[in-house]
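The sequence and the model come first.

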Amino acid sequence: MLLAIDAGNTNIVFALVDGGAIVARWRIATDARRTADEYAVWLHQLLQLEGHDRSAIEAVIIATVVPRALHNLEVLASKYFGVEALVAGRLPVEWGITLDVDEPQNVGADRAVNVIAAHKRHPGDLILIDFGTATTFDVVDYSGAYKGGIIAPGINLSLDALVAAAAKLPRIAIEAPETSTVIGRTTQDQMLIGIYFGYVAMIEGLVARMKAEIGRPATVIATGGLATLFERHVKLFDSIEPDLTIQGLGIMYDRLKTGP
């Protein structure tokens, strides 16, 4: 099996991939100071709980946007799984897609991996929305080339900024409102409406502008840990695929093994 690791700014996702299928996944808060030994203890217990033996892991592949976390993840692979970690975007695991932007070297690994997975699964032009620490919008053309996109603050970052700057506002949990009303009658309701439906309006407005600029029909795909939060009140998603990054890592590994 393959151990695929998606190291984001907020969480690191570890997933076991077997024959292209995700058979298990676990999430831990990102902490660049966490050592390989700490990862190993945590991961070994989870593997045992779900009936997997670490000896079944034949390869490790990593996509990271947190450079400081990479070293300890590479040590985890070598010390506890006996393999040299493959790093997405670094030889021999090249992207294999065109990054048609002005600064291709600065495209986040997670975004490039998402493009690979989405293009393999969906034909035509695509708009990918990844709901994470930041919310990113990525445009992929019918050939699979990455054409650029948008970076916006994630919904939790927006809430944190609001609470930090306003002394009397309470901390609330972000959730999908039960109704679609936008006239709140309590402070908490007004905050939730402002954050949640303000975010919905941003998504709808930016996607409409992107589609107009693309000029052709585009499939809209939502991914990331918070994607399902918007399912009830956003009707423009053609597909919600929370595991797109892990699927992309699996595709890259299979391509390495079998060739293009």
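Strands β6 (residues 125–131) and β7 (residues 134–140) run antiparallel and are joined by 6 bridges. Helices (H or I, at least four residues) and strands (E, at least two) are DSSP runs, numbered from the N terminus, and two strands pair if DSSP finds at least two bridges between them. Phe 131 has Thr 135 of β7 opposite.

The model is predicted: local features need pLDDT of at least 70, side-chain atom pairs count only at pLDDT 80 or more, and totals for chains, interfaces and linings use all residues. Residues are numbered from 1 along each chain as its sequence is written, and side-chain values use heavy atoms, with hydrogens and water left out.

**Sheet with β6 and β7**

The order in this open sheet of 5 strands is β8-β7-β6-β9-β10, and the pairing is mixed. β8 (146–153) and β10 (239–240) are at the edges with a single partner strand each, so one side of each has no neighbour in the sheet. Helix α5 (residues 187–214) packs on the sheet and touches β6, β7, β8 and β9 (218–223). Contact means heavy atoms within 4.5 Å.

**Sheet with β1 and β2**

Another open sheet has 5 strands in the order β3-β2-β1-β4-β5, again with mixed pairing. Its edge strands, β3 (21–29) and β5 (86–87), each pair on one side only. β1 (residues 2–7) and β2 (residues 11–18) run antiparallel, joined by 6 bridges; Ala 4 has Ala 15 in β2 as its bridge partner. Helix α2 lies across β1, β2, β4 (59–64) and β5, while helix α6 (residues 244–258) lies across β1, β2, β3, β4 and β5.

| α5 | β6 | about 160° |

**Helix pair α1 and α2**

Helix α1 (residues 36–49) packs against helix α2 (residues 67–80) at about 60°, with the axes 8 Å apart. This makes α1 oblique to α2 (angles under 35 degrees count as roughly parallel, over 145 as roughly antiparallel, 65 to 115 as roughly perpendicular and the rest as oblique). From α1, Ala 36, Asp 37, Tyr 39, Ala 40 and Leu 43 meet Asn 72, Leu 73, Val 75, Leu 76, Lys 79 and Tyr 80 of α2.

Notes: Axes are lines fitted to C-alpha atoms, for helices over the stretch in contact, and angles run from 0 to 180 degrees between N-to-C directions.
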